[in-house]
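Please look through the sequence and the model shown here before reading on.

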Amino acid sequence: MICTCPVPLEGQEHRAAYTLLAWALHRLHGFSGRLVLSRTPEGKPFLHDFPKVRFSVSHCTGMVACAVDCVETGVDIEAVRPYSERLTYRCLAPVEREQLLGDSREREEAFFRFWTLKESYGKALGTGLGYPLREVSFHLGDPPKSNVPGYFFIQKVINKKFILSVCKKGIPPEQTVTVLRHLPERIGGITYEDGSIAKPEGFG
Amino acid sequence: MFEQLKEMIRNYVQVADEDIHRDSRFVEDLGFNSYEFMCLVGEVEDEFDIEVEEREAAKIKTVQEALDYIATLTEE
């Protein structure tokens with residue numbers, strides 16, 4: 001399941017992302033009550049008691065997103081806006097910088113398409129942005145294509161101003177993105193408890 | 001250095017100066033996402049004339065860890 005929704009209060013996005021995740025976990029798996037959130041040594045979150053349930057969350061000002069799956073998955077959402085030129089040299093491969101064309105709005109959209117794809121890949125990989133960013137390159141399209149074998153991507157424009165990218169290992173992500181109108185109520189009374197640093201079996 | 005870093009942090013997230021502590025986590029407490037954090041990394045590099053590797057940046061979770069990392073690079 002891939003879902004996203006707006007968050008009206010700035011500064012609450014991180015917590016809201018996990019509220020959205022709780023809703024998705026309850027809908028998909030019937031989870032309720034206390035869930036222990038652990039992290040791998042690289043920082044990837046997982047459910048201590050349900051490590052085979054893979055998930056990813058993302059937030060930006062005004063929106064949150066999550067993806068829940070049975071294989072490694074990563075999601076990222078960003079608003080299209082003026083970007084840091086410095087980051088294009090830090091994070092984009094030359095072939096990607098060549099695709100930053102057109103007027104400022106088109107370049108901004110292209111940049112955040114690349115950025116969210118790289119972030120979604122890093123989350124699926126389990127490293128976040130701690131991988132050689134310029135060595136992984138994308139060609140924008142539907143679906144986006146990358147030079148990393150075995151990982152598949154989708155990308156959607158949400159509410160006309162946000163770019164959502166999802167990465168999935170092994171098979172393409174589902175095309176349907178559930179866009180909620182507002183942050184759901186906590187269904188199933190799910191609360192989170194901080195767990196330990198660990199690496200479950202099967203994690204990359 | 002702590003005051004300098006706080007000022008830079010406030011360029012990216014709406015948080016009061018008194019709410020930024022050394023043990024504040026960039027994501028959970030200060031509300032950073034990865035894009036904002038990487039922009040902050042770039043600003044720190046310019047301010048302190050250092051170069052931060054992505055892999056090392058990904059390990060930094062708190063303000064104190066950022067200060068410690070900057071200190072190791074500026075001492076070299």
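What volume does the largest cavity have? The largest cavity has a volume of about 100 Å³, where a cavity is a set of points, on a 1 Å grid over the protein atoms alone, at which a 1.4 Å probe fits but cannot get out. A volume is the space filled by probe spheres set on the points, which are joined across faces, edges and corners.

This is a predicted model, in which local features need pLDDT of at least 70 and side-chain atom pairs count only at pLDDT 80 or more, while totals for chains, interfaces and linings use all residues. Residues are numbered from 1 along each chain as its sequence is written, chains are lettered from A and ligands numbered from 1 in the order in which they are written, and side-chain values use heavy atoms, with hydrogens and water left out.

**Cavities and pockets**

The structure holds two cavities of 30 Å³ or more. Residues that line a space have an atom within 4 Å of one of its points, and for the largest cavity they include Leu5(B), Phe26(B), Phe37(B) and Tyr69(B). Helix 2 of chain B gives the most to this lining, with four residues; helices (H or I, at least four residues) and strands (E, at least two) are DSSP runs, numbered from the N terminus. The second largest cavity is lined by residues of chain A, among them Met1(A), Asp69(A) and Lys168(A), and strand 5 (63-69) of chain A supplies the largest share, three residues.

A pocket, by contrast, is an open set of points with protein on both sides within 12 Å along at least five of seven lines. The largest pocket is lined by 41 residues, and those closest to its centre are Arg39(A), Gly43(A), Val27(B), Ala58(B) and Lys61(B). In the second largest pocket, strand 12 of chain A gives the most to the lining, with seven residues.

The table sets out the volumes and the classes of lining residues, in which Ala, Val, Leu, Ile, Met, Phe, Trp, Tyr, Cys and Pro count as nonpolar, Asp, Glu, Lys and Arg as charged, and the others, Gly among them, as polar.

| Space | Volume | Lining residues by class |
|---|---|---|
| Largest pocket | about 1100 Å³ | 15 nonpolar, 14 polar, twelve charged |
| Second largest pocket | about 860 Å³ | eleven nonpolar, 13 polar, eleven charged |
| Largest cavity | about 100 Å³ | eleven nonpolar, no polar, no charged |
| Second largest cavity | about 40 Å³ | six nonpolar, one polar, three charged |

**Strands**

In chain A, three strands form an open sheet in the order 3-2-12, with mixed pairing, and two strands pair if DSSP finds at least two bridges between them. Strand 3 (45-47) and strand 12 (191-197) of chain A are the edge strands, each pairing on one side only. Strand 2 (residues 34-39) and strand 3 of chain A pair in the antiparallel sense over three bridges, and Arg39(A) stands opposite Pro45(A).

Elsewhere in chain A, strand 9 (residues 151-158) and strand 10 (residues 162-169) run antiparallel and are joined by eight bridges. These strands form a hairpin with three residues between them, and Asn159(A) in the turn has a positive phi of about 50 degrees.

**Cysteines**

The structure holds zero disulfides over all chains, a disulfide being a pair of cysteine sulfur atoms within 2.5 Å. The sulfur of Cys66(A) is 3.3 Å from the closest cysteine sulfur, in Cys3(A), and is therefore too far away for a bond. For Cys39(B), the closest cysteine sulfur is in Cys91(A), at 8.6 Å, which is also too far for a bond. Cys39(B) is buried, with a relative accessible area of 12%, where buried means under 20%, exposed over 50% and partly exposed in between (1.4 Å probe, protein chains only).
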